[in-house]
Amino acid sequence: MHQKFLELINVGKSFTRGSTTTEVLKGVNLEIAKSQFVSVIGHSGCGKSTLLTMIAGLELPTAGSVCFKEREIEKPGQERAVVFQNHSLLPWRTVKENVLLAVNAVFTKDSKAQRLARAEKWLEKVGLKDHQNKFPHEISGGMKQRAGIARALAMEPEVLLLDEPFGALDALTRSTLQDEVLRLHIENHLTVFMVTHDIDEAVYCSDRIVMMNNGPRATIGKIVDVPFARPRERMAVVESEEFAHIRTDCLRFLFSRKHGGGDAPAPAAVPAA
Ligand SMILES: Nc1ncnc2c1ncn2[C@@H]1O[C@H](COP(=O)(O)OP(=O)(O)OP(=O)(O)O)[C@@H](O)[C@H]1O
Ligand SMILES: [Mg+2]
């Protein structure tokens, strides 16, 4: 039988502080096939990052299970790499050293030269070849984010977990990095799980968009398929009727959840990508 790749089965998550327990997520069911690009949208605090950290294995569900290749995820693993919004590079290490640290942790049997070659290959892929010997404070926000992506991909993960990876970047840098991630997604058959607040980003990048209801006890409200063929050509995609249609669908969902129920009318004037 065909092996399931990534699965969330009736997942719930509660946090307890003192005598108060908050049930953040409840009954979340989702199956992600290999090489699929899935984005998650939903209002702040609904539990998107919590979902991602459980796939990363940094948190465990308090109900149900999160499975990778039909085995329950119990801890972080090199096959599931995470990129957070705030890059989290070590400030006292150069860009190359930051990537090397990840490579060293994974490719323990490689020689020193082979590991160095791996780090350099990924830095080149994200366009940081000329900046690899700089320290994080010496490069721009976009470059730091690229370094974070290079570090994640240098581990040659099967799943890339992105938590608002481009949120802090200007529009041009953001679209450049989106295209880079999309290219790497195709080249490396990566499965991507991305949390974002940017609807256009979700529609442009994804095969499926998961819309979360508000918490507490948040569940999946709706899932839409995004049919554009890959590789995607940005202007052709964003100018298409289908793009506008899916985008409106997402906005309508978010607005309806904001007002607490029913399908709200589509918001009239929200600027396009
Ligand atoms: N370690 C924790 N301990 C206690 N509560 C937590 C913890 N992590 C998350 N929460 C709570 O769980 C809820 C969901 O948080 P989460 O960070 O997953 O939201 P989010 O959807 O990613 O929001 P945002 O869009 O603002 O990033 C919030 O109410 C948050 O306070
Ligand atoms: Mg979050």
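Predicted model: local features only at pLDDT ≥ 70, side-chain atom pairs only at ≥ 80, totals over all residues.
Contact, in what follows, means heavy atoms within 4.5 Å.

Start with a pair of helices. H2 covers residues 95-106 and H3 covers residues 112-125; their axes come within 9 Å and cross at roughly 125°. That angle makes H2 oblique to H3. The crossing of the two is right-handed.

Which residues in H2 and H3 meet? On the H2 side they are Val95, Lys96, Val99, Leu100, Val103 and Asn104. On the H3 side they are Arg115, Leu116, Arg118, Ala119, Glu120 and Leu123. Sorted by class, the contact between H2 and H3 has 7 nonpolar, 1 polar and 4 charged residues.

Next, helix H1, residues 48-56. Of its 9 residues, 8 are buried, so H1 is largely enclosed by the rest of the structure. If you want to find them on the screen, the buried ones are Lys48, Thr50, Leu51, Leu52, Thr53, Met54, Ile55 and Ala56. Note that Lys48 is on that list. After H1 comes Gly57, and its phi is positive, near 85°.

Is Gln178 buried or exposed? Its relative accessible area is 4%, and the cut-off for buried is under 20%, so Gln178 counts as buried. What does Gln178 touch, leaving out residues up to four places away in sequence? The list is Phe166, Glu201, Tyr204, Cys205 and Arg234.

To recap: H2 and H3 cross at roughly 125°, H1 is largely enclosed, and Gln178 is buried in the model.

Notes. Residues numbered from 1 in each chain as written. Chains lettered and ligands numbered in written order. Heavy atoms only, no water. Axes fitted to C-alpha atoms, helices over the stretch in contact; angles between N-to-C directions. Helix = DSSP H or I, 4+ residues; strand = E, 2+ residues; numbered from the N terminus. Parallel < 35°, antiparallel > 145°, perpendicular 65-115°, else oblique. Left-handed = near helix turned anticlockwise from the far one by under 90°. Nonpolar A, V, L, I, M, F, W, Y, C, P; charged D, E, K, R; others polar. Buried < 20%, exposed > 50% of the residue type's maximum accessible area, 1.4 Å probe, protein only.
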